[in-house]
Amino acid sequence: MSNKKLIDRKFSIQTELLHNSHKFDPVTGAVSVPIQLASTFHQTSFDEFGKYDYSRSGNPTREALESVIAQLEGGSRGFAFSSGMAAISTAFLLLSQGDHVLVTEDVYGGTYRMVTTVLNRFGIEHTFVDMTDLDAVARNIKENTKVIYVETPSNPLLKITDLKEIVKLAKANRCLTFVDNTFMTPALQRPLDFGVDIVLHSATKFLAGHSDVLAGLAVVKKKELADRLYALQNAFGAVLGAHDSWLVMRGLKTLHVRLTQSSHSALKIAEFLAQHSKVEHVYYPGLKFHEGHLIHESQSEGAGAVLSFALKDEEAVRTFVQHAEIPVFAVSLGAVESILSYPAKMSHAAMPKEEREKRGITDGLLRLSVGLENPDDLIRDLDHALKYV
Ligand SMILES: *Cc1c(COP(=O)(O)O)cnc(C)c1O
């Protein structure tokens with residue numbers, strides 16, 4: 001069994017996904033959370049308003065999702081936003097003019113855009129650093145550093161950052177740690193257990209899981225931080241709608257079974273690709289030769305469903321993509337269907353070629369988010385496409 005003990009958890013995550021505080025509606029017994037579309041709520045007392053007054057400030061359906069994600073992540077409070085970027089951007093609003101943020105070098109493209117083109121205009125400085133190099137992290141912490149922003153595994157090279165060590169550095173320097181946990185989900189990795197302050201999600205991906213809703217989540221443990229984040233969620237107003245909150249909750253019920261199946265297939269596919277003569281390199285934390293494999297094993301309960309692999313060049317990638325029949329060729333990940341992405345022209349298109357190549361994001365690199373198809377069908381399909389390369 002894993003040594004990453006579930007803290008204060010009555011059931012395993014697998015069970016808690018179904019049997020949580022929103023197992024049934026306390027009023028009707030309904031086993032699905034009711035969708036409350038009302039934007040405003042009648043107040044019966046002139047002097048004392050009820051729990052809900054206006055849906056931006058509080059909505060029962062959104063609140064159900066917020067409390068479920070808080071339980072799953074081991075936090076005290078969750079917040080649901082209209083997209084992953086809305087969650088991330090709202091969390092950044094905790095910063096003030098003159099503050100500095102240390103950001104993982106291969107951060108998600110949208111977060112890169114937020115940090116470099118928006119936060120900079122508000123006088124918030126940033127430094128990008130390779131977070132697998134803890135000395136580099138320590139060297140780059142400044143007097144005014146307030147946040148260390150981490151993604152592990154990172155995108156698209158699945159680089160592993162040691163969460164415990166980052167938290168140690170952050171605490172010693174009185175800064176907060178934010179972790180984007182989109183690739184892992186609480187089913188595989190719970191950063192709050194390691195002392196991380198804010199966990200962020202694009203719930204668009206694995207949590208909702210069906211490529212049919214955009215959503216973002218944030219979870220915190222400390223009450224003071226929860227109060228500040230709630231104030232920002234209400235002030236900025238990028239909240240998740242009731243329907244979309246319900247869709248995320250429906251997706252969550254099958255999170256464990258989806259991720260288990262997809263991770264199992266991902267390992268099988270990674271092993272197949274690793275021995276293929278046309279594949280130059282495979283990046284997947286579940287492979288023993290993957291850098292950081294042991295660190296990842298020590299802080300998570302699985303390698304997840306995303307892997308990347310390098311072919312010779314752009315021409316090889318073009319031919320491969322034309323002949324791969326099963327995966328959709330698209331931006332995004334974490335869905336029931338397998339998704340093949342081309343980072344050089346999709347997530348990292350904005351980055352100059354030299355910068356990209358320096359980071360290992362070559363013109364031959366492809367990312368595969370493994371879905372729920374039969375893994376042997378997927379392997380046959382990839383094998384077939386590789387014959388043309
Ligand atoms: C997709 C993604 C985001 C952004 O989420 P949206 O829901 O698209 O706004 C942030 N971080 C990671 C790791 C992602 O994959």
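How many nonpolar, polar and charged residues does the lining of the largest pocket have? The lining has 15 nonpolar, 14 polar and 5 charged residues; Ala, Val, Leu, Ile, Met, Phe, Trp, Tyr, Cys and Pro count as nonpolar, Asp, Glu, Lys and Arg as charged, and the others, Gly among them, as polar.

The model is predicted: local features need pLDDT of at least 70 and side-chain atom pairs pLDDT 80 or more, while totals for chains, interfaces and linings use all residues. Residues are numbered from 1 along each chain as its sequence is written, and side-chain values use heavy atoms, without hydrogens and water.

**View 1. The largest pocket.** Its volume is about 620 Å³ (the space filled by probe spheres set on grid points joined across faces, edges and corners). A pocket is an open set of points on a 1 Å grid over the protein atoms alone, where a 1.4 Å probe fits, with protein on both sides within 12 Å along at least five of seven lines; lining residues have an atom within 4 Å of a point. Among the 34 lining residues, Tyr108, Gly109, Gly110, Asn155 and Ser347 are the closest to the pocket centre.

**View 2. Domains around the pocket.** The largest pocket lies between domain 1 (13-252) and domain 2 (255-386), because both give residues to its lining; the domain bounds come from an automatic or database assignment.

View 3. A polar side-chain atom of Asp180 lies 2.6 Å from a ligand nitrogen atom, and one of Ser202 lies 2.9 Å from a ligand oxygen atom. A backbone N or O atom of Gly84 is 2.8 Å from an oxygen atom of the ligand.

Key. Polar contact = N/O pair within 3.5 Å; in protein donor to acceptor, adjacent residues only side chain to side chain.
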